[in-house]
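Biologist: I am new to this structure and would like a short tour. Could you take me through some residues, the strands and the pockets?

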Amino acid sequence: MLDAGCGTGRMLTHLAERGVAPLTGVDLSPGMLAHARRGHPGTPLAAADLRALPHATASLRGVLCWYAIIHSTPAEVATIAGELARVLVTDGVLLLGFQAGRGERVVDGTAYRQQTTLHGVLHEPDEVAGLLAERGFAVLATARRAAVGGERHDHGFVLARRR
Ligand SMILES: C[S@@+](CC[C@H](N)C(=O)[O-])C[C@H]1O[C@@H](n2cnc3c(N)ncnc32)[C@H](O)[C@@H]1O
């Protein structure tokens, strides 16, 4: 299973603890990958863009794409959907999570003792599902949950199977 946009490897840990194997991961950020490699020394992790994955066509049985499309525009998500369809085998499973809504997500805060502004992109679950359906997936489920606690946005989830 591929953790697509694995970041620091948080979800690799989650998957490994549940017996999912073999695991692999990609992320655009060398810093995130360095952190992930420390926690997962035996797992192949590559620096790659979700829009151009290094994996062979039909080589993966599952992809988790957990909060990794949150910096991608809908047009970029369409490209990512096509790439995920390419690397998955028929009946391979894809699960995405992301902040739900429309437009840009701007979060002002403090990180590393500096005032920072993070920019992200919100996506509607039905629109993500539509992009996946156009690119070779059968959408099995979409879900949306309301923001809780200090969260500023709803969260969206799409589960799909490669046709
Ligand atoms: C919010 S983090 C989530 C990390 C991890 N999936 C988790 O749930 O802990 C988003 C990650 O997606 C990566 N990312 C964003 N756009 C990407 C792209 N086009 N290709 C590869 N990685 C990307 C970022 O570098 C970042 O590590």
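**A tour of the model**

Modeller: Let us begin with one residue of this predicted model. Ser72 is found in the loop between β4 (60-66) and α3 (74-87).

Biologist: Is Ser72 buried or exposed?

Modeller: Ser72 counts as buried, because its relative accessibility is 11%, and the cut-off for buried is under 20%.

Biologist: Which residues does Ser72 touch, apart from those up to four places away in sequence?

Modeller: Ser72 touches Val77, Ile80, Val121 and His123.

Biologist: Let us move to α3. Where does Ala78 lie?

Modeller: Ala78 lies in helix α3. Ala78 is buried, with a relative accessible area of 11%. Setting aside neighbours within four places in sequence, Ala78 is in contact with Leu131 and Arg135.

Biologist: How many residues apart in sequence are Ala78 and Glu124, and what is their distance in space?

Modeller: Ala78 and Glu124 are 46 residues apart in sequence, and their C-alpha atoms are 13 Å apart in space.

Biologist: Now the strands, please. Where is Leu96 found?

Modeller: Leu96 is found in strand β5, which covers residues 88-100. With a relative accessible area of 3%, Leu96 is buried.

Biologist: What does Leu96 touch, leaving out residues up to four places away in sequence?

Modeller: Leu96 touches Cys65, Trp66, Ile69, Val128, Leu132, Gly156, Phe157 and Val158. As for Val106, ten residues separate it from Leu96 in sequence, and the C-alpha to C-alpha distance is 21 Å.

Biologist: Which strand is joined to β5, and how do the two run?

Modeller: Eight bridges join β5 to strand β9 (residues 154-162), and the two run antiparallel. Ala100, for instance, has Asp154 in β9 as its bridge partner.

Biologist: What joins β8 to β9?

Modeller: Eight bridges join strand β8 (residues 137-145) to β9, and these strands run antiparallel. In β9, Val158 is the bridge partner of Thr142. Val158 is also one of the residues that Leu96 touches.

Biologist: A change of topic: how many aromatic pairs does the structure hold?

Modeller: The structure holds two aromatic pairs. In one of them, Trp66 and Tyr67 are edge-to-face, at 5.4 Å centre to centre with 90 degrees between the planes.

Biologist: Which residues do the ring pairs link into a cluster?

Modeller: The ring pairs link Trp66, Tyr67 and Phe157 into a cluster. Trp66 and Phe157 are also among the residues that Leu96 touches.

Biologist: On to the pockets. What is the volume of the largest pocket, and how many residues line it?

Modeller: The largest pocket has a volume of about 730 Å³. Its lining has 24 residues, and Gly5, Asp27, Tyr67, Ala68 and His71 lie nearest its centre. The elements that give two or more residues to this lining are α1 (10-17) and α3.

Biologist: How many of the lining residues are nonpolar, polar and charged?

Modeller: The lining of the largest pocket divides into eleven nonpolar, six polar and seven charged residues.

Biologist: And how much space lies in the second largest pocket?

Modeller: About 180 Å³ lies in the second largest pocket. Residues that line it include Met1, Val20, Pro44, Leu60, Arg61 and Gly62.

Biologist: Which element gives the largest share of that lining?

Modeller: The largest share of the lining of the second largest pocket comes from β4, with three residues. By type, this lining has seven nonpolar residues, two polar and one charged.

How values were computed
Residues numbered from 1 in each chain as written. Predicted model: local features only at pLDDT ≥ 70, side-chain atom pairs only at ≥ 80, totals over all residues. Heavy atoms only, no water. Phe/Tyr/Trp six-rings, centres within 6.5 Å; stacked < 30°, edge-to-face > 60°. Helix = DSSP H or I, 4+ residues; strand = E, 2+ residues; numbered from the N terminus. Buried < 20%, exposed > 50% of the residue type's maximum accessible area, 1.4 Å probe, protein only. Contact = heavy atoms within 4.5 Å. 1 Å grid on protein atoms, 1.4 Å probe; cavity = no way out; pocket = protein on both sides within 12 Å on 5 of 7 lines; lining within 4 Å. Points joined across faces, edges and corners; volume = space filled by probe spheres on them. Nonpolar A, V, L, I, M, F, W, Y, C, P; charged D, E, K, R; others polar. Pairing = 2+ DSSP bridges.
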